[in-house]
Amino acid sequence: MTSKTQDTIQDMRYLELLSHSFPTIVEASTEIINLQAILNLPKGTEHFLADIHGEFEAFQHVLKNASGNIKRKVNEIFGNQIRESEKKELCTLIYYPREKLELVKEKEEDINDWYHITIHHLVKVCREVSSKYTRSKVRKNLPPEFSYIIQELLHERTEDADKTAYVSAIIDTIISTGSADDFITALSNVIHRLAVDQLHILGDIYDRGPGAHLILDTMADYHNWDIQWGNHDILWMGACAGNEACICNVIRLSLRYANLATLEEGYGINLIPLATFALDTYSDDPCEEFLPRVLGDDSNMDEKTRHLTARMHKAISVIQFKLEAQMAAKHPEWNMDNRAVLSFVDYDKGTVMIDGKEYQLTSNRFPTVNTSNPNELTPEERNLLDRLRRSFTVSEKLHRHIKLLLRHGCMYAVFNNNLLFHASVPLNEDGSLKEVELYDGRKYKGMDLLHNIGMIIRAAFQNDTDPKEKDFAIDYFLYLWCGKDSPLFDKSKMATFERYFINEKETHKEEKGYYFKLRDNAEICDRIMDAFGVEGDNRHIINGHVPVHVKTGENPIKADGKLMVIDGGFSEAYHKETGIAGYTLVYHSRGFELVQHEPFTSSRDAILRGTDILGTTQIVEMSTHRMRVADTDKGADIRRQIKELEKLLYAYRHGIIKEREKRE
């Protein structure tokens, strides 16, 4: 008996199962041929985004233009064949087909001629973006109503004189039947879909901007994506799970940025009880420290609304301080005693002790604080919190979106030799991986730490979790948000109270963990990637979390190109600080391109003027050869499939397994 026969017999159970999918020699052989062909297709384009922070319109635009990938394709296809203005118009049409069509029809004198030219152009673009995929995959991504027509146009070349009349007749009929607008829209959507093979979101969909719920509505229908959870996503997940301190933080941040759209319109969270409580409790308090940061359209907020928002902001913040202190007492292993700040206040003198030094408070009005037990909730606060908690835990849409994050997300991921996570991997001062205690004294580091944190997060939403473990899991969301050794925070403290009530900037400092201090070191990055099993000559760490201060000369490419930080500040709140409106990363078959974005005005402006938000594109790393599917994780998986199918063929041909007459 040959060794090959022995190996085949050992795999009998698996091969028997495989034979149900490929019941004959012909079908197994055909699949091997198909898989071998796929290995030689160009690598699909990966698109990386981070720290979107509720900026739906900017996110939608970046999604539509694939961070310039569609514009690049248009330039490659048409070169000098058409004018720059025409290429710009074509790109805008692809991004916003319905809206752009309305404008075109208002000014175009010969609309049928425009339809002819435009459909030909769109077919060329669609043919180019679909060239990386098998016909089968392209077909699956076509809208059913136009699938046959698009397939015909994609696979017929007008250079063939015999086919020119055939193609023209198809387009003539599309126009004459009044289907041109729908067809152009469908074709544009196919281009969006095929321009990017996989979207990676490196955390923080939530907070600051008004449209996190709209972003997640969009992602519910997106073809292929993953997310590495960020600290702001975790905060909302904790709120959904019923963590009251997380609920307070979510509401506080929404009030701070005068953004209640996601809470009220997106998830139906009822804030009237909070408004009523705040007006009753803080009616004579100007709450100046809590006036909202108004951005964009909210700058016209009237004074009455601003002051109501400030009172609500203070009310929920004080409750948050109490709850965080209670949580710190419940979990002494977290070493968060310094967050029981209300216990350090001298309410007679109006001062607070921070790190052994006394500071004057900017105001000393705490009507709900019992000075003998400052972290105790009043009955009114307890009643308010019960009502808010119910609003979060019964919000059907919030639960649907959190399930979406759980289904597509994790704490880290490895794709094609790239290690993705949102913020950090906790390190010791010498750059070694730091052990962090999780549940019941168990300690983990590196990949095991992030994996087990992910398991704790999921346990909070599973009905069969042990009650004690589930209680810990729900509590743990707060630690992930602001705990010193949380890989999503990794700072000495979260100085929320200090920023509100103390003028001295020294108290506002949140010292970053060793990951942020050492991440410029290529050796440290290699050590982290080794620990996560990332292999290959051209491997990288990609993360976000900390905005890149371009104005001060900070470079997003660190550690000799081994680390890429792609949070340039999507959120409008960061624009003055960073000088730009975010970084995104594109990884196509020729290599990496880092795209720096200018601030986004509006979709309307993009449609009317053809403005884009691309700033500059930096070539990070180009491959010496055009990468194929064979060079990717998918290629490695396909090669494994081919080996198994070859074993099945051997089994068929040597009578170890009998061919089946028909599929079962």
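**Cysteines**

I began with Cys-246, which is buried at a relative accessible area of 0%, where buried means under 20% relative accessible area, exposed over 50% and partly exposed in between (1.4 Å probe, protein chains only). This is a predicted model, in which local features need pLDDT of at least 70 and side-chain atom pairs count only at pLDDT 80 or more, while totals for chains, interfaces and linings use all residues. Residues are numbered from 1 along each chain as its sequence is written, and side-chain values use heavy atoms, with hydrogens and water left out.

I then looked for disulfides, taken as pairs of cysteine sulfur atoms within 2.5 Å, and the structure holds 0 of them. Cys-246 is in no disulfide either, the nearest cysteine sulfur being that of Cys-482 at 8.2 Å.

**Nonpolar cores**

I looked next at the nonpolar cores, each a set of buried Ala, Val, Leu, Ile, Met, Phe, Trp, Tyr and Cys residues joined through side-chain atoms within 4.5 Å. The largest has 186 residues, and within this core Ile-251, Phe-392, Ile-457 and Phe-497 touch the most other members. I followed Ile-457 and, leaving aside its neighbours within four places in sequence, found it in contact with Trp-229, Ile-234, Met-237, Leu-406, Met-411, Phe-477 and Leu-480, contact meaning heavy atoms within 4.5 Å. There is a second, separate core of 19 residues, which includes Leu-18, Leu-35, Leu-645 and Tyr-652. I note as background that in soluble globular proteins nonpolar side chains tend to be buried together.

**Salt bridges**

How many salt bridges are there? I noted a count of 34, under the rule that a side-chain nitrogen of Lys or Arg lies within 4 Å of a carboxyl oxygen of Asp or Glu.

I checked Lys-314 and Asp-285, whose side chains meet in a salt bridge at 2.6 Å, N to O. Lys-314 lies in helix α18 (residues 303–330) and Asp-285 in the loop between α17 (272–281) and α18, so this pair ties together parts that are 29 residues apart in sequence; helices (H or I, at least four residues) and strands (E, at least two) are DSSP runs, numbered from the N terminus. Lys-314 is buried, with a relative accessible area of 0%, and Asp-285 counts as buried at 4% relative accessibility.

I also looked up Asp-217, which forms a salt bridge with Lys-397, the closest N and O atoms being 3.1 Å apart. This pair links distant parts of the chain, with Asp-217 in helix α13 (residues 212–219) and Lys-397 in helix α20 (residues 396–408), 180 residues apart. Asp-217 counts as partly exposed, at 28% relative accessibility. Elsewhere I found Asp-526, Asp-530, Arg-539 and Lys-562 linked in a network of salt bridges.

**Glu-46 and strand β1**

I recorded a further salt bridge between the side chains of Glu-46 and Lys-43 (3.0 Å, N to O), and both residues are buried. Glu-46 belongs to strand β1 (residues 46–49), from which Glu-46 and Phe-48 point one way and His-47 and Leu-49 the other way, all of them buried.

Strands count as paired if DSSP finds at least two bridges between them. β1 pairs with strand β2 (residues 198–201) in the parallel sense over 4 bridges, and there Glu-46 stands opposite Gln-198. With strand β15 (residues 583–588), β1 pairs in the antiparallel sense over 3 bridges, and Phe-48 stands opposite Leu-585.

**A five-strand sheet**

I traced an open sheet of 5 strands in the order β8-β9-β12-β14-β13, with mixed pairing. Its edge strands are β8 (412–415) and β13 (557–558), each pairing on one side only. β8 and strand β9 (residues 418–421) run antiparallel and are joined by 4 bridges, with Val-414 opposite Leu-419.

**Positive phi**

Finally, I noted Ala-66, whose phi is near 50°, a positive value in a residue other than glycine. Ala-66 sits in the loop between α4 (56–65) and α5 (69–78) and counts as buried at 2% relative accessibility. Asp-355 likewise has a positive phi of about 50° although it is not a glycine; its place is in the loop between β5 (351–354) and β6 (357–360). Is Asp-355 buried or exposed? Asp-355 counts as exposed, at 72% relative accessibility.
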